[in-house]
Each structure stands twice: as structure tokens, then as C-alpha cells.
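Visitor: Please take me through the helices of this model, and set each term against its definition.

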Amino acid sequence: MARKPNADPFEPFRVGRKLRLKNFDPAEKPFSIGKREDDDARLTELALEIDRLQDLLHANGTAGAHCKLLVVLQGLDTSGKDGTARAVFTHCSPLGVRVSGFRAPSEIERAHDFLWRVHQLVPRAGEIAVFNRSHYEDVLVPVVEGWIDVAERDRRLAHINDFERLLVETGTTVVKCFLHISKDEQKERLQARLDDPAKQWKFHADDLTVRAKWKQYAAAYETALAATSTKHAPWYVIPADSKSHRNLMIASLVAQVLAGMNLVPPAPDYDPKAVQID
């Protein structure tokens, strides 16, 4: 995908008002710098930089600033949400990064509005929160399975936009990544789980049920992402057939977003020169 010199390298992957996933190649590696070992080395550099910036974010939150970061990871089964969280935030202090996963809502959660369980898990001041799946599950699965109609889907999409605007207006930076995997690559990864006794626990019969509805889920994603990719909370399509490149690209994006916060160490509330340690 061609890019203009000095342009934002992520702009071609940012979702606009319309989205056709077929226009994005899941096997593309636009952020690769050469060999696999070179990409892995660059990923390590970025992970360390993210750790440095996360430390500044945490310090500012402790000092009373309201800055925080929410990273949303969405994608079909085996697209690599778990692996991304491990690779990108591997060097960060566990005190400053929190990963939350979203499964089918419990009975108590179903008794509330669909965003109730989500709002409890958004980042605190100075924190990075990572959503492994998210509130978007409620405009994907219920749509494909026919549990809600188009009118309810559209209401939920509008509520999501309002919810994310609320987060942004109260100091949260929101970055949303759709991990775009091909059907052939998913087949290989599902088979690899079946073939490896140490990973067979990851395989569920429901994986094949969802896979059989590939086109329906792709259409649901296209609708949901296009409707909720806003200036304040954009979606990015991340080519995810290559695990190493997927991690590298998302680490590059997170590092760029954190750097854009222009974080500096908070000023101490005392005179360091006046302190004498005996």
C-alpha cells in the first residue's frame, strides 16, 4: 500500500466511513524492516520505549493528571490478541498495564445495559488498559446470530460512539486495532492447536461454528468498524497473518500514540536540592 513521504504511516490502515476488508491484505508487512530477526530486534526496542513512556504515564497519573490509554484488540479466533498483549507490553510494569478479556456476559451483566461491565474496566489515571475483545462483541455476535435487529444494532453503535467520546473527553486516549487474519491462516493456526497437546485446550467446537460464518462476521465487522471509527477513537486494520509483523505494527502504533501525549516527568512538590540524606 503506497504512502506519501513523511505521511503518517498508519493513515492507510485507518478505517474511514466505509470499509471493505477485501481491500486490505492480511499478509502485508508494511512495517517490516527486513529479516525476521531484524523485526524482532525492532520490536524489543519499541517494547522498551513503551515501558519508558508507560512509566511517565504512571507518574503523571500519580501526580493527579487524568491521562490514560485504552488499547482495544478485536479480531476473529486465532488472530493473536493474547500474543499481541504479551509481545507489546512484555517489558511494562504490571502495576501500570491491565489486560481485560470479554466473554459472553454473565446473568448479572445481562441484567444491565451492555456497556455496564465495560465501564468498570476502563483505565484509571496513569494506566494503560488493554481490552482482549471488548464492548464490540455486543455488536458482532448478537448481529450474526440474529439476537438483535438492525435498529438495536444501530442504537448500540451510537451508544459506543457516545461512550468513547465520554472517555476521550475525560482524559483517555483510545486506540482500536482490528487484527485482520485470512481464512487460510486461521485454518493453519486452528490445526496447529489440534496437533499440539500443549495447546489443545485452546481449541473449542465453537471455533468451527464461528468459522462457518466467516462472511457474516466479516460483514458485521465492516459495519461496526466503519460506524465507530471516529477522529477521537479511530480503528486501524492490522495485517495479522504474520505474528511477528502484527506485533511490530501494533507496538509501533502504541509507541507513536504514547509519544504524542508529550509526557514529561511531573515536577516534585519539594525542593530536591534542600533534601539531605544522612
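Guide: Just after α1, Gly64 adopts a positive phi of about 110°. The model is predicted, so local features need pLDDT of at least 70, side-chain atom pairs count only at pLDDT 80 or more, and totals for chains, interfaces and linings use all residues. Residues are numbered from 1 along each chain as its sequence is written, and side-chain values use heavy atoms, with hydrogens and water left out.

Visitor: Why is α2 called oblique to α10?

Guide: The axes of α2 (residues 81-88) and α10 (residues 243-259) come within 9 Å and cross at roughly 55°. Angles under 35 degrees count as roughly parallel, over 145 as roughly antiparallel, 65 to 115 as roughly perpendicular and the rest as oblique; therefore α2 is oblique to α10.

Visitor: Which residues make the contact of α2 with α10?

Guide: On α2 they are Gly83, Thr84, Ala87 and Val88, and on α10 Arg246, Asn247, Ile250, Ala251 and Val254, where contact means heavy atoms within 4.5 Å.

Visitor: How do you know that the span of α10 agrees with its 17 residues?

Guide: The expected span is 1.5 Å times one less than the number of residues. For α10 that is 24 Å, and its end C-alpha atoms are 24 Å apart, so the two agree.

Visitor: What makes α10 mostly covered?

Guide: Of its 17 residues, 14 are buried, that is, under 20% relative accessible area with a 1.4 Å probe and protein chains only.

Visitor: What covers the buried residues of α1?

Guide: The covering elements include β1 (68-75), α2, β2 (97-101), β3 (128-132) and α10. Among the buried residues of α1 are Asp39, Leu43 and Gly61.

Technical notes: Axes are lines fitted to C-alpha atoms, for helices over the stretch in contact, and angles run from 0 to 180 degrees between N-to-C directions. Helices (H or I, at least four residues) and strands (E, at least two) are DSSP runs, numbered from the N terminus. Buried means under 20% relative accessible area, exposed over 50%, partly exposed in between (1.4 Å probe, protein chains only).
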